[in-house]
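The sequence and structure come first.

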Amino acid sequence: LPFFGGGYGTGKHAKPKPSISMTKSTPTDAESSTQQYDEKSIEEEQFECNGGTDELDDDAEPLCSLATDDSSSFFSGDSATSSSIPFDSAALYSLSKRVGDKPGEQHWESESQQKTFAWKQPSDPVVEVSEEPCEDDAGNLPETFWLDMCSQIKGGDGMNVVNLQLNPERNTGYNGTHIWNAIYEENCLAVDGSASGPMCYEERVLYRLLSGLHTSTTLSIAKNYYPPSKKKGRIDWEPNPQYFMDKFADHPEHLRNLHFSYVVLLRALKKASPFLYNYEIKTGDILDDEMATILLKRLLDTAILRSCHDVFSAFDENLMFKEQANSISLQENFKGVFHNVSSILDCVQCQQCKLHGKMAMLGYGAALKILFLPEDIYALSLSRNEIVAFLNTVAKMSESVREIRELTQLYWSTHTRLEKTTSSDQPVLGGGNMVSSSSVDLEGVEILDAAVEAVSKLAKQGLINESTESKLIQKAFQRHPELMVLSKHYGKNLRKFLNFLPSIDSELILGGFDDGEPDAIVIGTGLAGLTATLNILDRGGRVVLIEKEHRMGGNSNKASSGINACCPQNSTYGDFLESFKEDTIRSAGNSAKLLLIETLVENSESAVRWLIERVGVDLSVLAQLGGHGHKRTHRPRSGMVGAEIIYNIQRAVKSYEKSGMVKIMMDTRVTALKKKNDGAVVGVEVVSKAEDGKNKTLTVMAPNVILATGGFASDRSHGSYLEKYRPELMKMPATAGEFSTGDGITLGTSVGAGLVDMEKVQVHPTGWVDPSDPTNPGKILAGELMRGVGGIVINRDGNRFCNELGTRAYVTDKMFSHDPHYIKTKKWNITNEIPTFSLVLSASAAEGAKKHVDHYLNKGLLKKIEGLEDLAKWMNLPLSKVKETVEQYQRDAKDGRDQWGKTSFSGVPIDNLMDETFFAGTVTPVLHYCMGGLTINKEGNVLDENQQVISGLHA
């Protein structure tokens, strides 16, 4: 197989032969000669990177050369000149001894091998490494032992900066079989002086990494095999699927080694994420640095990386070097072999090939350092080039995994049988369409897999009986031609696959898809509705999901502060279930429903864990927000929690659409519940917009109907629930979307459901007042997080007036208490002006909620203000008053308690207030959450006015 970017003649991707034990001795110099070769040996293995002269235009650049921004050559040198080279590698030393020491009497295996040893200008000189650090008193190697993993991959004199985007890995025609053979021979960790016997665990790890790199390079060549050529009519590089199939059809283990290598790199990426997330990129180009920083954080924040949680456990570096007797020797030899393999790259004569080979080994070395070193020394141990190489190697492996699928699909788009070339040489550049000289009577593994998968799914769903299943599996393994063709084109469409099976065998006993009623109808696509839907789908149920709006998510899309749960990791902060329960009861007051509170609290951990593991949401940041005695509010490191959760969970739900397990009806309003004579709810009546724009009335039946429709805070119409239960709040702005009109409550009461706490409409203390549109009744929430990280609330007189970390009800009460009428009646006067306040954060507080602050700044809701004087001007207050208030807060923080009982102080402004950077915005109380609604029990069954379950109705 090719390695380091070129076609490798007859090179084999074989398991390493444990014939050379690693040595630390200094090998003698190896000399080369200019002995003659017969024409046959030269034809078998050429050195030149000709790239296939028949495939290139006359004026084309050699494929082995490096493309640079100024088209300058990377280095020059006569590769055919004989010279003496010192080898700091047991493998190269062994090869030099094998061919002989005396000029004129050497026995080279090929001209290419001779020229490798004769090349006088390696790009990197051998690096002298100081003696290994001593063991500690306990016989363990120091934690810094792995610091020099990449010491043999250093830049030499005359090094240029290379633009990797201008030098993608592709076929160069370079033949370096000898290089690859030397690398495989190096993979031997002989700890007892013997190289015989089976490979140890550490040796297998290193072999699989090298094999994965080998495979990745081969895939890059197959994907970029034929170069652009005017005479061949090729505008761009084109793939060679036949070449890919020749290499891997009989060796799937090489593809498995690629996946193993990718897992190792992903594990290192995951482990280094905290360090990389804050890594400062400095190249001198501010714009490029900022873009690279954004892209790096985007990579680390991606849901795909988070969803791979279980994959990371497929490899565990902690299992290595566990053999007590040989642990130190294994570690020393493992690093020594890695150094030796790295040094072999100096003998690669193709500039393109050497570039990619060294970058990949540097990336591997960085990954191993990350895995083996303590996290607290990453900053001192990882160089910029190592980080660049590491990230590019992760990308290389990721692209290779994708190329497997692409090349497989390309091959089967033109083949119905697996055809393999019989030539001992792999196809090289020099021809257009390749013609197979013979075929192997073997059906494609991909098609066979599709056939077996389709049959298995039909059996699991009860659509075929055991006899039919057995007959179809037998036909699949016999490569039944008609079944193979059917599987190729319809294997992923079970419905059509099942329908066409009688064309293969009319005697097959088949069932049919049940197009009848679903198991449940879910109304509403906020977090509650989507969670219910996904849980049913994951358990094999079928769902009709109905949403009256044009997009999913509802008010859940707007959630910004986090989701509360008491989890084991919270024990760091002294949290426990009883504390969470007490806080919730205290917040609920006289309305506390103990059974429901216990259900919430006791299932909170599993709920958050489900969001992390099943939905793939990052909830790694903990904060202590209003009303909570401990840190238990979970949110992502970046992004808004609501948007992150809704994006991921709706994607998971939609993945069931193709199978028909879920039907999603958007722009559809439920107008009535259908029930039987005994009162059981059995379906819904809906009005949906047809394709012609006209309304269409439909009836959907199911044994279970789940209401997840939200509150009524935005319905200010005559006769609304808001007017009925809290008329004094009719003119107050709201954070809820215009769709929050209490539809589900209306549906529930239409079949006799009871109501509870309808007057409990939560007024949130902090909704942003947009300075460009201050009277707009719709407000964006300034979540608890703004106060949790250290934001303080100041009234129009310049005074603080509450514990900012109190419950929403408490802070709102303190705000409303600025009005004398409210103090007397505890009821807001609808004719009064809604009060406004200033929410102020210091620079350190803003850093604790950076994503949110940036978001609010971008929307014009927050303003960045330099110094206390400008803050006072913005608040339209005397500087002395603002200074007095902030300085008192600083003193309270030092004392650990203020007059309102606040004991947790985050993000306190710095001592020199004139140098502080503030972030300030105007906030006002807003309608936020309707806590009342239908009566339910702890299982989510809706109860009627007599506390009896309404069969089939849930909420």
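This is a predicted model: local features need pLDDT of at least 70, side-chain atom pairs count only at pLDDT 80 or more; totals for chains, interfaces and linings use all residues.

Over which residues does pLDDT stay under 50 while the model has 68 contacts beyond four places in sequence? The stretch is residues 115-138.

## Confidence

The chain has a mean pLDDT of 78, with 76% of residues at 70 or more. Helix α1, residues 39-44, has the lowest confidence in the chain, with a mean of 31. Strand β10, residues 705-707, has the highest, at 97. Residues 191-195 also stay under 50 in pLDDT, and for them the model has ten contacts beyond four places in sequence.

## Helix packing

The table gives their axis distances and angles.

| Helix pair | Residues | Axis distance | Angle |
|---|---|---|---|
| α5 and α10 | 201-223 and 327-344 | within 11 Å | roughly 20 degrees |
| α7 and α11 | 252-277 and 351-372 | 9 Å | about 55 degrees |
| α14 and α15 | 445-460 and 466-477 | 10 Å | about 175 degrees |

The axes of α5 and α10 cross at roughly 20 degrees. Angles under 35 degrees count as roughly parallel, and α5 and α10 are therefore roughly parallel to each other. Their crossing is right-handed. On the α5 side the contact involves Glu202, Leu206 and Leu210, which meet Leu330, Phe334, Val337, Phe338 and Val341 of α10. By class, the residues of this contact are seven nonpolar, no polar and one charged.

For α7 and α11, the angle of about 55 degrees makes α7 oblique to α11. The crossing of these two helices is left-handed. From α7, the contact takes in Ser261, Val264, Leu265, Arg267, Ala268, Lys271 and Ala272, and from α11 it takes in Gly363, Tyr364, Ala367, Ile370 and Leu371. Eight of the residues in the contact of α7 with α11 are nonpolar, two are polar and two are charged.

Helices α14 and α15 pack with their axes 10 Å apart and at about 175 degrees. Angles over 145 degrees count as roughly antiparallel, so α14 is roughly antiparallel to α15. Leu448, Ala451, Val452, Val455 and Ala459 of α14 make the contact with Glu469, Leu472, Ile473, Ala476 and Phe477 of α15. The class count for the contact of α14 with α15 is nine nonpolar, no polar and one charged.

## Strand pairing

In general, the strands of a sheet pair through backbone hydrogen bonds, in either a parallel or an antiparallel arrangement.

Three bridges pair β4 with β5, residues 633-635, in the antiparallel sense. Within this pairing, Ala623 has Thr633 of β5 as its bridge partner.

Another open sheet of three strands runs in the order β7-β8-β9, again with antiparallel pairing. Here β7 (668-675) and β9 (695-701) are the edge strands, and because each has a single partner strand, one side of each has no neighbour in the sheet. From one strand to the next the twist averages 25 degrees. β7 pairs with β8, residues 681-689, over seven antiparallel bridges. Lys674 lies opposite Gly683 in β8.

Strand β20, residues 949-954, pairs with β10 in the parallel sense over two bridges. In that pairing Val705 is opposite Leu953 of β20. β20 is also joined by two bridges to β19, residues 941-943, and these two strands run antiparallel. Asn941 is opposite His954 in β20. A hairpin is formed by β19 and β20, with five residues between them. In its turn, Gln947 has a positive phi of about 65 degrees.

Key. Residues are numbered from 1 along each chain as its sequence is written. Side-chain values use heavy atoms; hydrogens and water are left out. Axes are lines fitted to C-alpha atoms, for helices over the stretch in contact, and angles run from 0 to 180 degrees between N-to-C directions. Helices (H or I, at least four residues) and strands (E, at least two) are DSSP runs, numbered from the N terminus. Angles under 35 degrees count as roughly parallel, over 145 as roughly antiparallel, 65 to 115 as roughly perpendicular and the rest as oblique. A crossing is left-handed if the near helix is turned anticlockwise from the far one by less than a right angle, and right-handed if clockwise. Contact means heavy atoms within 4.5 Å. Ala, Val, Leu, Ile, Met, Phe, Trp, Tyr, Cys and Pro count as nonpolar, Asp, Glu, Lys and Arg as charged, and the others, Gly among them, as polar. Two strands pair if DSSP finds at least two bridges between them. pLDDT is the predictor's confidence in each residue, from 0 to 100.
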